[in-house]
Amino acid sequence: MKKFSLRRLICAALAGTLLAASLAGCSGQGTGSTGKTVVIGAATDLKTLDPGHAYEVYANMITYATYDMLFRIEGSDIENPKPSLTTDAWSLDDSRTVYTFPLREGVKFASGNELTSADVVWSIKRVMNLKSNTAAHVAGIKSVEAPDAKTVKITLKEPDASFLTKLASNAFCVLDSKLMKENGGTDAEDAASTDKGQAYLDKQSAGSGPFKLTSWVKGSELVLEKNPNYWGTSTNVEKIILKEIPDSNTQIQMLDKGEIDIALTLNADNIAQLKGKNNVEIKTASTAVCTFLLMNNDSKIGGPMANADVQQAVRLAIDYQGLKTMCGEGATLPWSIVPQGFVGAKNRPDNYQNVEKAKELMKKAGYEKGFEITLTAANFDTEGMKWGDIGQKIQNDLKQIGITVKLETPEFSNILDQYRNGEIPFLLMHWSPDYYDINNQLAFLPGDTVGERAKWSAEGHDDLIELGNKIIGEADKEKRTQYSQELQDKMAENSPYAFLLQHPKTFAVSKTLNNVAYNDLSKIQLAEISIAE
Amino acid sequence: MGFIKRILKQKNFMFKLGIVICLFWAVVAILAPLIAPQDPVAQDLSRRFMPPSGQNWFGTDSLGRDVFSRVLYGSRISITAGLITVAVSFAIGILYGAVAGYVGGVVDDIMMRISEMIQAFPPLILAMVIAAAMGPSIVNSVFAMAIIWWPNYARLTRSIVISVKGNDYVTASKLMGASRLRILFKEILPNSIGPLVVMSTLDLGNAILMFSGLSFLGLGVQPPTPEWGAMVSDGVSTFQNWWISTFPGLAIFTVAMGANFIGDGLRDYLDPKLRNQL
Amino acid sequence: MWRYILRRLGMMILLLFGVSLIVFMISHLVPSDPVATNLSQSAQSDPEVVAAYKQKWGLDKPLYEQYFIYLGNLVKGDLGTSIRTGNPVMQDLLQYFPATVELSIFAMIVAVVLGILFGVISAVFRNKPADQALRAISVSGVSIPSFWFALLTLYVFSSVLGWFPGGGRLDPRAFSGTGGTGFYILDGLLSGNFAMVGDALAHLILPALVLGFFTMGLITRQTRSNLLETMSMDYIRTARAKGMSERRVVTGHALNNALIPVITVAGMGFCNLLGGMVFVEKIFAWPGIGQYAYLSATTLDFPAICGVSMLIAFTYVVINLVIDILYGIIDPRVRYQ
């Protein structure tokens, strides 16, 4: 070991580094254009691609490409789901609880198996028995039957005006039941513990959509390839790659360099980097996600926040215009629980802020000298807008009416339990609907899910609850609009919530792509994208 | 005072520079309210993302706050947190190490295994978990850092204690009937303080780096408190507005560098083998 | 020597046991619900769904029982299932670890090569401007906040100058990284796909530089002071007295001896890399263990945190063991006890 020469070792290492660097230098552009491929960069939260378990924000983006449902959202038109696996001949009986869906002819799964009513029934029953994240969508179903091979009959417990919207979501994806049974899937009563289909569906899809899933490395890369057996017309895209890129600046860099075609999860502030680039188009779409303040209505928990006058003073003290500026182009101000895009949605006037009136209310409530309160705003963001930033704005605004806000920004997972149990006095939260209908928003009513979290009990609020019940089943759109607006007007200035923002979705797309449609349910309509020739 | 004079007389330029930098930041921290041109938390949404100018030397951030004033105030948080972390680890470590080294035997063995266990733990990950679990706050992140930091001091103290235990003067005081504790505190520890001081000076830089790192990840201070790491992370989402991240980052960098310069200088000074090299 | 290695391995098991115990203790002393993040809004309000979920993940059992179940599985090589990703933790670790190892190896090359080079120059020209400059660089290395440095290099070299790709490991359009060993450079070389090797290297350079900078600082310092120490020793003086050129004195005699302790520092530096990894991977969109650890910690995904911690602790112990053995091989004066 005497001749152990570190010198030689160093020389070799140095040479190696130089070689590596030069190799890297000459490789330069790796434009190995592999057919018609679209690459999307995004920070997604995908945990599973099993339609029976998935609820994550970007789940429908994938399931919309790989599966068919009875109804489907087309393009950006989230309000009017269109028949997809069923035909225009579908019907609803007079009790408004029995739906009959004749199935489209000649639909095959990617596996080559024919799609029949048995597959539809099996898929829905599986979801009902899985008791998983999709449970809310199927909760209203009494029975689902297949009178013949090409007809499906679904009976509801009560009329539900939002049922078609629910049908258009991943809970109702139709799975290849033959394939699934071979791979551990089951629709039995005890499916919650016996179904082993999830592991299979996380590796490949079992649907009839325009694409099929060919590989998925969670948290890294997901690949979709064209389904050769697809029944409908498809575009010229052969392959779609979804690349997990957590940092939005990196997405911008990669889009600019042509490494990706769509940078999907950006925020209003960093998108400015792309302004003026002529190979990229910046797009803004609307979402149904709203941020709101929750003021606990139980004075044992909320303290002064439980006072109705204080609650209104808080609403009046906030500089909504400033919030809108921070949130960026496309941001809107919801009047109450109903976001734009839902029936009867109303907006808050931009100049709603009225500090003088807020001060009067504080005085009336006996808090002329103000008080101190902790606002919990988790270390989280809504469409790229940090809750900490919103919290700092609120802190700043409430100072004007004497409320000293102390901010706390714990991890999101740490507060969920307290949130669910209604233990937080003053909280910033967001609400992202499970399905795109006003019925989903009724969780905010007193005594309902979110109402309970604000300790806002049903007692003494019969009028609101009655209105809610009318909305749930009302088929007539005009009447439903009227009820919706009435509800918003009642709740806007008399509830333990202050609705802040309805957040826009900002993303950027390479100009080589055509027809990139976005809606808040399926996000980018992957199957509709085409590449410019 | 002779000690300090001798140190300052050294030819080591870096060391002096380190002292100047640290004194500078200490003065800034103390005088922040007097020298900051603006309220560090005052928002002005009409002046968001202003680049550096005569009015805002370091520009403004996403809420229109003056980055310069925030950087000045930030020194208070970062430096205090670093100092407390080091002080707490120092105190725990020195006691733990002295006991282990002085008692020896099985006790020493067990105590050292425990400290090794903590050292083998990836420091940042442990700190992240503790901070995430307990909820972010200055106290919690200082606590998280102290937990992973003390074993370094414990090990160093222990080795010094063991090496001086057999020295003549210790034996002499033992013969004179001094109690164990008395020997430990009066004879052994004072003689081992030098290397520990060097270590803690070098560590101060690291502690400030890690504290700002935790804040960068959202696990440190609560907004709107101006803290350098959190301020760097404010700028991450608006890359093109480079000034938001650049200046607070530069501040962390200089403070850590100052501490390292001083630590290096002290080490060289205390290491007799190197003293003539300087 | 074998007895020594065996003893060290025994201690390693003890260490891993301790690490798992620490994570487990933290995970359950904490008033938080890791499960809550994993159910939808409506599912959370359904007690039946929540109960089914808790049962599935064993969260309804008493604490010590959960720990023994965990230990039992651990012995079988099963680290449990990540709450966040839903994958077996072992599978996740195997997926993310190669990326991290690849990056650390390159960072270490940068650190060792530059560190020794700078250290030698610094010592030879001590107290001259070159020495002062290099010492300033090496102190910068250990003083610069890596998250800030990463951000800065990404902004300057990728965004403004456009010399390097924007992040990630490969150009996603041109190459698919899946299906190989996970070490992209190795994969490219094995399959003869040199374009992929080049692309992977282009993605590697910036993060490797940033990550290696800290360790480079440590190594430069250590090399300099060791070299200065050895050069003051008698045998070097003798060599000088015999009229040997300064260059030969340094490269032929002093350097080899001076570099031995550097190995220890390099080992420490390697372990330090794993800490800096969290920031560098986050900013360069590098899908490695650091990102995995960060996401696991912030979602309180304890099976994953425990897995990552044990993996890193394991790496740490193995590296230290290897260094000790290397030490003995290079320096015959060292004897194992």
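I began with confidence: pLDDT is the predictor's own confidence in each residue, from 0 to 100. I also needed contacts, which count when the C-beta atoms of two residues, placed from the backbone, lie within 7 Å.

**Ground rules.** This is a predicted model, where local features need pLDDT of at least 70 and side-chain atom pairs count only at pLDDT 80 or more, while totals for chains, interfaces and linings use all residues. Residues are numbered from 1 along each chain as its sequence is written, chains are lettered from A and ligands numbered from 1 in the order in which they are written.

**Confidence, chain B.** I found a mean pLDDT of 83 for chain B, with 88% of the residues scoring at least 70. Elements here are DSSP runs numbered from the N terminus: helices are H or I with at least four residues, strands are E with at least two. In chain B, α3(B) has the highest confidence at 91, and α11(B) the lowest, with a mean of 51. Over residues 274-278 of chain B, pLDDT stays under 50, and the model has 10 contacts beyond four places in sequence for them.

**Helix pair, chain B.** I looked at α2 (residues 13-35) and α3 (residues 67-103) of chain B, whose axes come within 8 Å and cross at roughly 130°. Axes are lines fitted to C-alpha atoms, for helices over the stretch in contact, and angles run from 0 to 180 degrees between N-to-C directions. α2(B) and α3(B) are therefore oblique to each other; angles under 35 degrees count as roughly parallel, over 145 as roughly antiparallel, 65 to 115 as roughly perpendicular and the rest as oblique. The contact residues include B:W25 and B:V28 of α2(B), and B:L72 and B:R76 of α3(B).

**Sheet, chain A.** I traced an open sheet of 4 strands, ordered β4-β5-β7-β6 with antiparallel pairing; two strands pair if DSSP finds at least two bridges between them. β4 (91-92) and β6 (141-148) of chain A are at the edges with a single partner strand each, so one side of each lacks a neighbour in the sheet. β6(A) is joined to β7 (residues 151-156) of chain A by 5 bridges, and A:S143 has A:T155 as its bridge partner in β7(A). Helix α3 (residues 117-130) of chain A lies across β6 and β7, at about 165° to β6(A).

**Interface.** I noted 38 residues of chain B in contact with 40 residues of chain C. On the chain B side, α5(B) gives the most, 9 residues.
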